[in-house]
Amino acid sequence: MATIARNIGQAGRHQRLIGGGVLIALGLAGAVVLALTGAARGLRLALFLPFVLGAIGVLQARDHT
């Protein structure tokens with residue numbers, strides 16, 4: 001059976017969870033603003049970055065990595 005590497009402590013998990021949540025919230029706020037202003041699709045594509053980085057932060061916090 002493979003072991004899971006758990007290499008961050010409680011403080012690191014908390015930092016990643018907060019950072020991920022903030023990035024997801026910024027992405028959602030940006031999406032609302034861009035949708036309400038009728039921005040072009042290409043500009044809305046820029047929201048990919050905060051959503052991906054936020055998801056990575058939340059997943060790292062959940063998996064202790």
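These notebook entries record what I looked up in the structure above.

**Entry 1: the model**

I noted that this is a predicted model, in which local features need pLDDT of at least 70 and side-chain atom pairs count only at pLDDT 80 or more, while totals for chains, interfaces and linings use all residues. I also noted that residues are numbered from 1 along each chain as its sequence is written, and that side-chain values use heavy atoms, with hydrogens and water left out.

**Entry 2: helix 1**

I began with helix 1, which has 28 residues. Helices here are DSSP runs of H or I with at least four residues, numbered from the N terminus. From its first C-alpha to its last, helix 1 reaches 41 Å, close to the 40 Å expected at 1.5 Å a residue; the expected span is 1.5 Å times one less than the number of residues.

I then looked up the buried residues of helix 1 and found Gly12, Gly20, Gly27 and Leu34. Buried means under 20% relative accessible area, exposed over 50%, and partly exposed in between, with a 1.4 Å probe and protein chains only. Helix 2 (41-44) and helix 3 are among what covers these buried residues.

**Entry 3: helix 1 against helix 3**

How do helix 1 and helix 3 pack? I found that helix 1 (residues 10-37) and helix 3 (residues 48-63) pack at an angle of about 155°, with their axes 7 Å apart. The axes are lines fitted to C-alpha atoms, for helices over the stretch in contact, and angles run from 0 to 180 degrees between N-to-C directions. The two helices are therefore roughly antiparallel to each other, a term for angles over 145 degrees. I recorded the crossing of helix 1 with helix 3 as left-handed, that is, the near helix is turned anticlockwise from the far one by less than a right angle.

I listed the contact next, where contact means heavy atoms within 4.5 Å. Helix 1 contributes Arg13, Arg16, Leu17, Gly20, Gly21, Leu23, Ile24, Gly27 and Leu28. Helix 3 contributes Pro50, Phe51, Leu53, Gly54, Ala55, Gly57, Val58, Gln60 and Ala61. The residues of this contact divide into 10 nonpolar, 6 polar and 2 charged. Ala, Val, Leu, Ile, Met, Phe, Trp, Tyr, Cys and Pro count as nonpolar, Asp, Glu, Lys and Arg as charged, and the others, Gly among them, as polar.

Is Leu26 buried or exposed? I found Leu26 in helix 1, and at 53% relative accessibility Leu26 counts as exposed. Leu26 and Gly57 are 31 residues apart in sequence and 14 Å apart in space, C-alpha to C-alpha.

Gly19, also in helix 1, counts as partly exposed at 30% relative accessibility. The C-alpha atoms of Gly19 and Ile56 are separated by 9.9 Å.

In helix 3 I looked up Ala55, which is partly exposed at 30% relative accessibility.

**Entry 4: outside the helices**

I placed Gly9 in the segment before helix 1 and noted a relative accessible area of 43% for Gly9, partly exposed. Gly9 and His64 are 55 residues apart along the chain, and their C-alpha atoms are separated by 7.5 Å. His64 is in the segment after helix 3, and its phi is near 65°, a positive value in a residue other than glycine. Just after helix 1, I found Gly38 with a positive phi of about 70°.

Key: Angles under 35 degrees count as roughly parallel, over 145 as roughly antiparallel, 65 to 115 as roughly perpendicular and the rest as oblique.
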